[in-house]
Amino acid sequence: MLEMKSRWAPYWQAAPLAIVLLIFFVLPLLVTLAVSFWTYTGYSIEPAMVSDNYASAFDKCLASLPDLCTTFRTYLSTLKFCLIVWLITLVLGFTVAYFLVFEVKSNNMRLILALITTIPFWTSNVIRMISWIPLLGRNGVVNQWLLSVGLISEPLDWLLYSNFSVVLALVHLNTVFMIVPILNSMSRIDKSLVEAAYDTGASGWQTLWNVIIPLSKTGIAIGSIFVITVVMGDFISIGLMGGQQIASAGKVIESQINALQFPIAAANAVVLLAIVLMIIWTLLRFVDIRKEL
Amino acid sequence: MNDKTKNGISQSGISRRTLLKGSAITAGFLGTTAVTGFPAVHADEPITLRYLSTATNQSAAIAAKAKEITGINIEYVTVTTDDVTKRIITQPDSFDLVDTEYFSLRNLIPSGNFQAIDANKVKLVDKLATAITKGEVDGKKIGHQGTAPHKVLYLEKQRGKTFANEQTEWLTLIPTTYNADTLGIRPDLIKRPIESWAELLNPEFKGKASILNIPSIGIMDAAMVNEALGTVKYGDKGNMTKEEIDKTIATLIEAKKAGQFRAFWSDFNESVNLMASGETVIQSMWSPAVTAVRLKGIPCTFQPLKEGYRAWASGFGLPKTLKGKQLDAAYEFINWFLDGWAGAHLNRQGYYAAVLDTAQANMEPFEWAFWMEGKPAEKDILGPDGGLLEKAGSVRDGGSYNTRMGAVACWNSIMDENAYMIQKWNEFIAA
């Protein structure tokens, strides 16, 4: 009896979460997958098994090569943001985490500083986005300051509604997702390993490269997954900061949903999901997260 | 769907709590739940109507006045333009009354989620503005391109799915508000007269123009521009052929690549921010957004243009499932709405009321002269909330009702090639 209980206990303990995930995650995903093969009119969707939606998602994509079709261009643009934002947040996040773990000596101070990194999340996403306008706009604070000190004679337009502002906002939003997991892995590095490296004559860079980075790999991988999935699916930040002039996969899906074209939106969502999963799968080739957790 | 779940949860919650505690409060709660489920049982309880629409058409003042006069509780359900349509198609039981645009009827009516409104139960049905019922203003025909309301106003039968070509006693929507839209400009920054839609793509305003990113409306503004430029000749701007869509989008893409647009906007507040901050000086705009910019003390004009206006109209529709006392209450509310108080309230926001006579009876003569006759304001013009809108002596942009509505060139619409249009629009955004 006791043996039975202990054998089944973990399953019972995992069941609530499993059920929640099944109902609110797996099931909707399956529905999305099913609907992506349905047909639709302006006001109805009909169960079917057609690949038209995928065909129109990639309409003329092969025919128009080497020119890129809308879908390829959209994903390429999203991937470009993804790469830039990932690199910047990685460097920033790693540096901040390194500083907090190895440079800050007091535990209280470390806690306070770590909490400060969450400041960007003290207000809603939309308000945060809108506040960039008075800062970066044509008549915004930055432009007015640059004009008044005589660095420029005309306001800089590229500060807002540009690739620059999109990257800025995405970095601002996502750096903390990189900091936290890296901080977590780094703080578990045995300090004596670092001392041993120094004692055996390694330079600061050699220690960083051969000791600290390999031991922070799990945190880097988890942070990367957070950042990449958020940026790939983002359409609110890209929309608001890009002045809606920059396409994103999410925005394409949104305008199709608004036009009641649910099946084609579902097809695009499946494509997006597949691409994100491929990126994560590639990432996991390099780091075995489970082994290190 | 939503409601069923909600009731299911609350009922099971109650039975358990009743068993456990049996308190008086719980019993009272149970009572109210029963009323919501079966309103007919408690005849003297006030009736609540769930009123689905965008924020623009909702006002706490109208709900309060309706409660005072008719005793009906209005419970606003606020969503965006696209979501109104989505809710009607996907959750037709989640509202009792909807205020939606005529142009979406081409998708809504075939879904069968509406019941037509019985003309015999609407007292002022013969007084509805001719701009809506016949596409005429002051006896003269106005632009009929697009989904002009008179084309989709009547059904052949109450549960019908086809529009009638002539007047019947089954109306799809009873009009609430309508207006003529044009470009908004910053006269202080442009410093010269603007007379044509073509100016939106004038390189003079490079990096300072905007168009709205709601495809079905944005494409119409783009068509007005293309027609004004002479680049495309349209059979019907509101129902383009694939070739016309291609050409329209091509012009937009060219302008976008040349850096003409500062940003696109898709909601009211974005358009206000762009204009008020000076990021844009010329853009697609809605009338209350122009007012909002002006209320900040920033000059902004809802500029009349020689090619005319793009008009829209919205109205009350009834879900197919509404019946009994709720249905009677909906008719009572619609009748009250047309009776003038609400109409006057809407006229003061710069919209137009469905029944003009009764709205006039509820406005001061100087207000009527300013809003509807295009005359200089004799006194300061106050908004519905009592705030100062216009100083004495000013004239409404575009002038009188007859001049503005008389110059309508086309109506918001859903095209036959809607799916193709959306695809091309996404191409424009990605360009």
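Modeller: Let us begin with contact, since much else is built on that idea: two residues are in contact if their C-beta atoms, placed from the backbone, lie within 7 Å. Please keep in mind throughout that this is a predicted model.

Colleague: Which residues of α3(B) and α12(B) meet under that rule?

Modeller: From α3(B) come Ala66(B), Ile69(B) and Thr70(B), and they meet Glu332(B), Phe333(B) and Trp336(B) of α12(B). Sorted by class, this contact contains four nonpolar residues, one polar residue and one charged residue.

Colleague: How should I describe the way in which two helices pack?

Modeller: Two packed helices are described by the angle between their axes and by the distance between those axes. In this case helix α3 (residues 60-70) of chain B and helix α12 (residues 324-338) of chain B pack at an angle of about 115 degrees, and their axes are 11 Å apart. Angles of 65 to 115 degrees count as roughly perpendicular, and α3(B) and α12(B) are therefore described as roughly perpendicular to each other. Their crossing is right-handed.

Colleague: Are α9(B) and α17(B) roughly parallel or roughly perpendicular to each other?

Modeller: The axes of α9(B) and α17(B) cross at roughly 15 degrees and come within 9 Å. Because angles under 35 degrees count as roughly parallel, α9(B) and α17(B) are roughly parallel to each other. The crossing of α9(B) and α17(B) is right-handed.

Colleague: Which residues of α9(B) and α17(B) meet, and how do they divide by class?

Modeller: On the α9(B) side they are Lys242(B), Ile245(B), Asp246(B), Ile249(B), Leu252(B), Ile253(B) and Lys256(B), and these meet Tyr420(B), Met421(B), Lys424(B), Glu427(B) and Phe428(B) of α17(B). By class, the contact of α9(B) with α17(B) has seven nonpolar, no polar and five charged residues.

Colleague: Let us turn to single residues. Is Thr248(B) buried or exposed, and why?

Modeller: A residue counts as buried if 20 or more other C-beta atoms lie within 10 Å of its own. Thr248(B), which is found in helix α9 (residues 242-257) of chain B, has 26 other C-beta atoms within 10 Å, and is therefore buried. If we leave aside its neighbours within four places in sequence, Thr248(B) is in contact with Ile219(B), Ala222(B), Ala223(B), Asn226(B), Val232(B) and Met240(B). The C-alpha atoms of Thr248(B) and Met224(B) are separated by 9.8 Å, although these residues are 24 residues apart along the chain.

Colleague: Where does Cys69(A) lie, and how many other C-beta atoms are within 10 Å?

Modeller: Cys69(A) lies in the loop between α2 (52-57) and α3 (70-103) of chain A. There are 18 other C-beta atoms within 10 Å of Cys69(A), and this residue is therefore partly exposed. Beyond its neighbours within four places in sequence, Cys69(A) is in contact with Asp59(A), Lys60(A), Cys61(A) and Ser64(A).

Colleague: What is the secondary structure of each chain, and what percentage of its residues is buried?

Modeller: Chain B has 17 helices and 19 strands, and 45% of its 431 residues count as buried. Chain A comes to 15 helices and two strands, and buried residues make up 32% of its 293 residues. Along its principal axes, the C-alpha trace of chain A spans about 80 × 70 × 40 Å.

Colleague: How many residues of chain B are in contact with chain A, and which element gives the largest share?

Modeller: In chain B, 31 residues are in contact with 24 residues of chain A. The elements that give two or more residues to this side of chain B are α4 (81-90), α5 (105-108), β12 (261-265) and α17 (418-430). The largest share, eight residues, comes from α17(B). The residues on this side of chain B divide into 13 nonpolar, 11 polar and seven charged.

Colleague: What does the UniProt record place on chain A?

Modeller: The unreviewed UniProt entry carries the annotation "domain: ABC transmembrane type-1" over residues 75-283 of chain A. In the model, that span is 76% helix and 0% strand, and its end C-alpha atoms lie 19 Å apart.

Note on methods
Residues numbered from 1 in each chain as written. Chains lettered and ligands numbered in written order. Predicted model: local features only at pLDDT ≥ 70, side-chain atom pairs only at ≥ 80, totals over all residues. Helix = DSSP H or I, 4+ residues; strand = E, 2+ residues; numbered from the N terminus. Buried ≥ 20, exposed ≤ 12 C-beta atoms within 10 Å, placed from the backbone. UniProt positions renumbered as here; feature names shortened; annotations may be inferred. Nonpolar A, V, L, I, M, F, W, Y, C, P; charged D, E, K, R; others polar. Axes fitted to C-alpha atoms, helices over the stretch in contact; angles between N-to-C directions. Parallel < 35°, antiparallel > 145°, perpendicular 65-115°, else oblique. Left-handed = near helix turned anticlockwise from the far one by under 90°.
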